[in-house]
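Here is a short report on a two-chain model. Keep the structure open while you read.

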Amino acid sequence: MRVFWELGWFFKERRKHYALGIFLLLLVALIGVLPPRIIGFVVDEISRGTLTPAFLIKWLSILAAAALVMYVLRYIWRLLIFGSSILLARNLRKQLFHHFTRMSPAFYQRRRVGDLMAHATNDLQAVQQTAGAGVLTLVDSLATGGFVIAAMALTISWELTLIVLLPMPILAYLTNYYGKMMHDRFHGAQLAFSGLNDKTQESISGMKVIKTFGQETEDVADFVKKTKKVVDENIRVARVDSLFDPTISAVIGVCYFLTIGFGSYFVVNGDMTIGDLVAFTAYLGLLVWPMLAFGWLFNIVERGRASYDRIRVLLAEPADIDDRKDALDVRPAGDIVFSINKFQFTGDDRAALKDVHFELKQGQTLGIAGKTGSGKSAILRLLLREFENYQGDITFGGKSINDYKKQRLREAIGYVPQDHFLFSTTVAGNIAFARPEATMEEVVEAAKLAHIHEDILNFADGYDTVVGERGVSLSGGQKQRISIARALMMRPELLILDDSLSAVDAKTEEAILASLKQTRIGETTIITSHRLSAIQHAHKIIVLEEGSIVEIGSHEELMNKKGRYYEMYELQQLEALVEQGGEA
Amino acid sequence: MDKQKELTEKDQWLVLKRLLSYLRPHKKPLLVATALLVLTVLGDVLGPLLIKVFIDDYLTPGTFPTGPIVGLALGYVFIQVSNVILSYFQMLKFQTVALVIIQQLRIDVFTKVQHLGMRYFDKTPAGSVVSRVTNDTEAIKDMFITVLIGFIQSTFLIVGVYIAMFFLNVRLALITLLLLPILLWIIYIYRKYSSVFYQDLRERLGQLNAKLSESVQGMGMIQAFSQESRLQDEFNDINDKHWEAGKRNIKIDGLLLRPAIDLVYALALIMLLSYFGITSFDNVVEVGVIYAFVTYVDRFFEPINQLMQQLSIFQQAIVAGSRVFALLDEKEIVPHQLDEPKKIVDGKIEFRNVTFSYDGKNDVLKNISFTAEPGQTVALVGHTGSGKSSIINLLMRFYEYSEGEILIDGISVKTYAIEELRKKMGLVLQDPFLFYGTIASNIRLYNEHMTDREIRAAAEFVQADRFIHALPEGYSQPVTERGSTFSSGQRQLVAFARTMAVDPKILVLDEATANIDTETEVAIQTSLERMRKGRTTIAIAHRLSTIQDADLILVLHHGEIVERGSHQQLLKQRGLYHKMYLLQNGIVE
């Protein structure tokens, strides 16, 4: 029940809704004791033969009024309580999303997308249940149970009430016991189901192997075995599940038996009327639900607590990179001095960068070459201020990048990542991602610069074609060029191309580089690439190996040196030749 | 979220009918369960009748002769006890039938999946196929167990209750029949609106989750372009709409579910009491009859309440069912074989002018012709996308070709029974897939009759035994999902052993590109040599060093054979192969 306490802030926030909702619930429970009582009155009059039309009309009108009032009140409390619970889910979801936007890439490396999604879906669902059905069950079962028992004891006979209630704890005990049995067996059924799921997953992933060895039939046989297990485990569940209803009707049957037996005795003795007896049996029917509800309640609350704990832990994670108090609120511009003595990713004891020092004048282009894992991306990620735990400093326009507001620093950098991620929106929407207010002319201009305009015109809906997960599938090269157009839209002070020309052909690459050179006069560019053709025109080229600079200079200087760069260059010329089928 | 086209009422009805057709083979257990159900309903109906007799014949007059009273009491107890037992078995029986039906449906779907052509898997993500086999059938299971069984049980109960009421008082029973159209109307209205609202809620939830998942995945981009607040706004907008949809659902549920049914229940009580009250003005009314009617009416409202709450399960099951049936009706099946009882003896392979396209538009293989004489090795080289794998895919009959002919021992591959092809052709994939199990089970696969000795022999033949012996549990070493605990070289060796264990006539190799440690590499090379001995081999080579002794090397480029010959001949040509060779050896001229 602790979770109710932990969610107290929300109940307080919505105290009017909850207070009124609970009040109405209590009212409904109270009015709910009327109908059986009215049945009793009428039956009494009938059995004595003293029923008058006036009496009948009076009580039936009350019954009708009670029913209508209950209908309206039930509707209202549902709106209040369930409405609040989905509001809680909405607000928590909003908080989570807001929180996600503040978390650094390190966080996303640590947490899997699936887990984060699970928090925002299943866990929220469980918390919503607690604040809705949980509250309802708690209040309603206590209120209905209490009022009905009170009505039985006070208006009919407390002796009979006591006798008849005797078997009820047995019902509560048994259903609780079954619940525990169910829990274990249900777990078994779930295991069998996920076994089936794994099996299917594996068969489909290994489809070629299965086909190669002609073992389709055998694989189906194995699958059948797994489904048999699922059936068996579920029958184990069904064995317990099927106990609930008969047990309830057995215990209730005993109660009825006691009611009729002892009730008749009281009737004969004149302590009770026949109408009382009929009313009493009707009350009994009302008691079943509160008894069962309690078992349920524990279930809901238990799940809700675990889920809410997980959400709170997640929300409590601090954003690891925040702006300094007196951070500069200007968009950085100017020379870049990169001076890192040592940097390592958390959880990796090897240095990702070691003694990397270079200077880049405003308006210059820097090329970075090196194999995967040589530290190219690490340099870019430090520039983007994704990490702060390094020895050394990076300055942009004479000031450390850590002194700028993160937002302003990012405004100055147009980043085209390796894994070109596009959003599920139109091509135009993707290009104008950073500046949604941009005009169509600007979008088209950026697309032309990135040499994707012609491709876009060939799409079914041109610039309005939806791309991304649920849209048309684009080639890697098209995605890369859209990513470049997207970055160009920012008119960034510093443009970073992180190996983002790898999937376009040599001719397009050249054309893009040429148009960049033309339009980005006075603006700084950093290009990393496997393919040296993308960086050979840079003012300065650095060659990285295992996190350190092994060569630095212009293309001509490095070629003359006949070192690593020269070797890489020659081999790539050959490779290009092979890809073109051997003819130059 | 799968995009699902709107199902019309007629489609829904067809899906339901087809789902119900799965009941047909289970007539007998269903009949038993229904018989039990009839008995329990009988018990449910008889109990109140006995009490009615007691109230009217003994309690009201106040006479309690021992014999009849004991008889009534015993009768009541007997009915209750047998009812408890019968209803237990009735419910268990129904659930068992439902489970067995779902099992059959699952087997049908899975078998179908096994017979789909590779083309289907190219265009369908694996996750969604898995979902068809497991999650969708699970949704159908929920429907069978909760909705369908509940529906049968409540129908019988309602019929039983009405029969008892007619037996007690025909006029009143006729009056209470008026309740039925009201209830049906509420159910109709609820289903009509809730199916729309509920569908809307689910769609919005889908959008919400899609937005969330996309944003989490693209968070790096969002942050790099400082679009956090815009994305927050967009998300909040979807979140708010989802919330609105949720509110609409709460309203419709509040208006038409339990509160409404309880209102009808009150109406029923008013009808009963008015009838008895008015009758009592002129005649004597038996209290027991009132009691019985009140109890009966009370009985039949609960199942209706429950059924209505489960309508959404029904809706989901229909959608799931339509997806499952779409898969079952899928026409993209494996290439057809003529199944003639021919045997592969020599293992001669010939490609004659084969042209092939995956999508029917772009040819990935153009006019490919070559011959591999029995025992020869033909190597395929070329960069990514040159068509090497497609040649293997066609030879293995993963895809159907339309132009040209592929012959084995002079007869079209289409002629042989698929079993014969699988038995005589061994394929080792580039990424050797290991199944969950043990090393031994991965070599044996499903060949139950393969002895441990044969497994060891195969492993020794490919020199996998050395690393296997070094494992703590040797051949019984567990293999986890996809064999991720083993190096790619070790996986390759196990895959070799798996292939050698069936001793194929023809060997088809797709060489691994992944980094393999030198020690394993040596083992792999020697085993490859041994494996190729006496077998016709078609090998895709990524490292030219491994195929220098091949009888014929085909150099592919854009789906065409641009050079062919032995290693030495090709080097002399100083063409593409020569350049690839230089490149791989890191030689700068």
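## A hairpin in chain B

This is a predicted model. Start with strand 11 (residues 552-557) and strand 12 (residues 560-565) of chain B. These strands pair in the antiparallel sense, over 5 bridges. One of the pairs joins Ile553(B) to Gly565(B), its bridge partner in strand 12 of chain B.

Strand 11 and strand 12 of chain B form a hairpin. Its turn has 2 residues between the strands. His558(B) sits in that turn and has a positive phi of about 50°.

## The four-stranded sheet of chain B

Chain B also holds an open sheet of 4 strands. The strand order is 2-1-4-5, and the pairing is antiparallel. Strand 2 (363-372) and strand 5 (411-412) of chain B are the edge strands, and each pairs on one side only.

Inside this sheet, strand 1 (residues 349-357) and strand 4 (residues 403-408) of chain B pair in the antiparallel sense over 5 bridges. Ile349(B) stands opposite Ile408(B) of strand 4. Helix 13 (residues 388-395) of chain B packs on the sheet. This helix touches strand 1, strand 2 and strand 4 of chain B, and its direction makes about 70° with that of strand 2.

## The six-stranded sheet of chain A

Turn to chain A. An open sheet of 6 strands runs in the order 6-7-8-3-9-10, with mixed pairing. Its edge strands are strand 6 (413-416) and strand 10 (548-553) of chain A, and each pairs on one side only. Neighbouring strands of the sheet are turned by 15° against each other on average, direction ignored.

Strand 3 (residues 365-369) and strand 8 (residues 524-529) of chain A run parallel and are joined by 5 bridges. Ala369(A) stands opposite Ser529(A) in strand 8 of chain A. Helix 21 (residues 564-579) of chain A lies across strand 3, strand 9 (540-545) and strand 10 of chain A. Helix 21 of chain A runs at about 80° to strand 10 of chain A.

## The annotated span of chain A

An unreviewed UniProt entry places the feature "domain: ABC transmembrane type-1" at residues 19-303 of chain A. In the model, this span is 93% helix and 0% strand. Its end C-alpha atoms lie 24 Å apart.

## Where the chains meet

How many residues of chain A are in contact with chain B? The count is 106, against 103 residues of chain B. Helix 11 (residues 216-269) of chain A gives the largest share of chain A's side, with 25 residues.

What is that side of chain A made of? Its residues divide into 59 nonpolar, 25 polar and 22 charged.

Notes. Residues are numbered from 1 along each chain as its sequence is written. Chains are lettered from A and ligands numbered from 1 in the order in which they are written. This is a predicted model: local features need pLDDT of at least 70, side-chain atom pairs count only at pLDDT 80 or more; totals for chains, interfaces and linings use all residues. Two strands pair if DSSP finds at least two bridges between them. Axes are lines fitted to C-alpha atoms, for helices over the stretch in contact, and angles run from 0 to 180 degrees between N-to-C directions. Two residues are in contact if their C-beta atoms, placed from the backbone, lie within 7 Å. UniProt positions are given in the numbering used here, feature names are shortened, and annotations may be inferred rather than shown by experiment. Ala, Val, Leu, Ile, Met, Phe, Trp, Tyr, Cys and Pro count as nonpolar, Asp, Glu, Lys and Arg as charged, and the others, Gly among them, as polar.
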